[in-house]
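Here is a friendly walk through one protein chain, for reading alongside the structure viewer. Please keep the sequence and the model open as you go.

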Amino acid sequence: MDTVALLCTGALLAGGVYWFVCVLGSAEQKGKRAVDLSGGSISSENVRDNYNQYWSFFRRPKEIETTEKVPDFVDTFYNLVTDIYEWGWGQSFHFSPSIAGKSNRDATRLHEEMAVDLINVKPGDRVLDVGCGVGGPMRAIAAHSRAKVVGITINDYQVKRARIHNKKAGLDSLCEVVCGNFLEMPFPDNSFDGAYSIEATCHAPKLEEVYAEIFRVLKPGTMYVSYEWVTTEKYRGDNPEHVDIIQGIERGDALPGLRNYLDIAETARKVGFEVVKERDLAQPPALPWWTRLKMGRIAYWRNHILVMVLSALGIAPKGTLDVHEMLFNTADFLTRGGDSGIFSPMHMILCRKPESPASS
C-alpha cells in the first residue's frame, strides 16, 4: 500500500511539474517555453553581468541621450528580455486597447491590422516595419494585407527568432527580417510603398533622426503610421509622483527619454512629412490598455516562482530572475501611468511623404 501511495504521489508531482512548466509555462502564442529561457545573443554565464551593465547606463544619463550609445543600450536590453517577453506575453511586443468580447490576442491583431489599413497598401507592395522585434505584427500585417513586409531590428537574436516564426507561419515568402539600426537603415532612397512602427521609435535618442530615415526610404506620395509612447497633457513635471512613474517606465524599457505628445507632429513636419491624422488611440471610447497588466499579476507570480526554480537548477541563466523582477516592476509603473492618464503607448500619427519636395 505504501509503495502504491508513493508511486501515485510521485506521478501526481510529476504531472504537476509538467503542467506548471509545459502548459502554464508556455508563451501565449506558443513561441517560447520556460525551460528555453536564455539571454538572447548573450552567453549564459554573462547574462547577470550584462544586466548590471544595462543598469549602469542609468548612472550615466547623459550617455543614454547620445546617438552612438543607444544601439548598444537597446541591443543589451532586448537580449535580456526577448525570451521573457515571448514566453510571458507573446510574439507582439506592444500594447493594444482592450476590446469587449475579444481575447488579448484578437485585440492585438486588430490593432496591428489597423496600422496597415491606415497606410493604404496593396497586395504585393513593399512595406517597412521599423523596429520589428520577433515579428508578431509583421506576420499579422502580411497575412492581412498580402503586402511584402521588410522588418528591421537592432537585435540579431530577434532576427533569428523572427525568421523561425515566419517559416512556421508559412509567411517567409512575404516577410523579410534585417538586422540593423533604424537610424542608419541599409535601404535605398524611395524604395518602400509604406511604413509603420508600433511602439518602437521610443528607443531613438532623437525622434527626428528616425523619422528622417523613414522619410528617406519611402516613395513620394506614400504613407507612414506610428504608435508612439508619450507623456500626455495630464503629465506635470513638477509632480514627484508623475516623475517617478515616467522614470520607472524609462528605466524598465530602455528608453533614452519619453517625449511629450505635442512633440510628435512637430517632429514629423520638421523632416518633411505632411501630417494627415493624429490621435491617441488610448483615449475613450477605447477600453484601458493596461487592464492586461493588472490581470497578469497572478501569472507573474507563477512565472516568477518558475524562473526562480529554473535559475536554482541552472536551467535558466543566472540573472534571469533579476530581469524578470525588473519587468514586473516596470509593469507596475506602466499600470500607474495608464491609471493616472499621464502616459500613453499608442499616440497615433499618420503621415504622408509629399509627391515632390517642398519648395524653399
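## Helices H9 and H13

The crossing of H9 and H13 is left-handed, a label used when the near helix is turned anticlockwise from the far one by less than a right angle, with clockwise being right-handed. Helix H9 covers residues 240-252, and its axis comes within 9 Å of that of H13, crossing at roughly 135°. H9 is therefore oblique to H13; angles under 35 degrees count as roughly parallel, over 145 as roughly antiparallel, 65 to 115 as roughly perpendicular, and the rest as oblique. The axes are lines fitted to C-alpha atoms, for helices over the stretch in contact, with angles running from 0 to 180 degrees between N-to-C directions.

On the H9 side, Glu241, Asp244, Ile245, Gly248, Ile249, Arg251 and Gly252 take part, and they meet Met326, Leu327, Thr330, Phe333, Leu334, Arg336, Gly337 and Ser340 in H13. Contact here means heavy atoms within 4.5 Å.

## The model and its overall make-up

This is a predicted model, in which local features need pLDDT of at least 70 and side-chain atom pairs count only at pLDDT 80 or more, while totals for chains, interfaces and linings use all residues. Residues are numbered from 1 along each chain as its sequence is written, and side-chain values use heavy atoms, leaving out hydrogens and water.

The chain holds 13 helices and eight strands. These are DSSP runs numbered from the N terminus, with helices (H or I) of at least four residues and strands (E) of at least two. Of the 360 residues in the chain, 53% are buried, where buried means under 20% relative accessible area, exposed over 50% and partly exposed in between (1.4 Å probe, protein chains only). Among contacts with a separation of 6 or more, 79% join residues 24 or more positions apart.

The crossing of H12 and H13 is left-handed. Several H12 residues, including Arg297, Tyr300, Trp301 and His304, belong to a set that meets an H13 set including Thr320, Leu321, His324 and Phe328.

Helix H2 (residues 47-56) and H4 have axes 10 Å apart and pack at about 135°. H2 and H4 are therefore oblique to each other. The contact is made by Val47, Asn50, Tyr51, Gln53 and Tyr54 of H2 with Phe73, Thr76, Phe77 and Leu80 of H4.

## Nonpolar cores

A nonpolar core is a set of buried Ala, Val, Leu, Ile, Met, Phe, Trp, Tyr and Cys residues joined through side-chain atoms within 4.5 Å. The largest has 45 residues, and Val225, Trp229, Ile249, Trp289 and Phe343 touch the most other members. Not counting residues up to four places away in sequence, isoleucine 249 touches Trp229, Leu255, Leu258, Thr330, Phe333, Leu334 and Phe343. Another core lies apart from it, with 28 residues, among them Phe187, Phe192, Ile214 and Val230.

The buried ones are Gly136, Pro137, Met138, Arg139, Ala140, Ile141, Ala142 and Ser145. They pack against helices H5 and H7 and strands S1, S2, S3 and S4. After H6 comes arginine 146, with a positive phi near 60°.

In helix H8 (residues 207-217), the buried residues are Leu207, Val210, Tyr211, Glu213, Ile214, Phe215 and Val217. Their packing partners include strand S5 (218-231), helix H10 (262-271) and strand S8 (343-352).

## Serine 92

Serine 92 sits in the loop between H4 and H5, and at 6% relative accessibility this serine counts as buried. Leaving aside neighbours within four places in sequence, serine 92 is in contact with Thr108, Glu112, Gly136 and Pro137. Its C-alpha atom is 9.2 Å from that of glutamate 112, 20 residues apart along the chain.

## Cysteines

How many disulfides does a search of the whole structure find? The search finds zero, taking a disulfide as a pair of cysteine sulfur atoms within 2.5 Å. For cysteine 175, the closest cysteine sulfur is in cysteine 132, 9.5 Å away and so too far for a bond. Cysteine 175 is buried at 6% relative accessibility, and cysteine 202 is buried with a relative accessible area of 3%.
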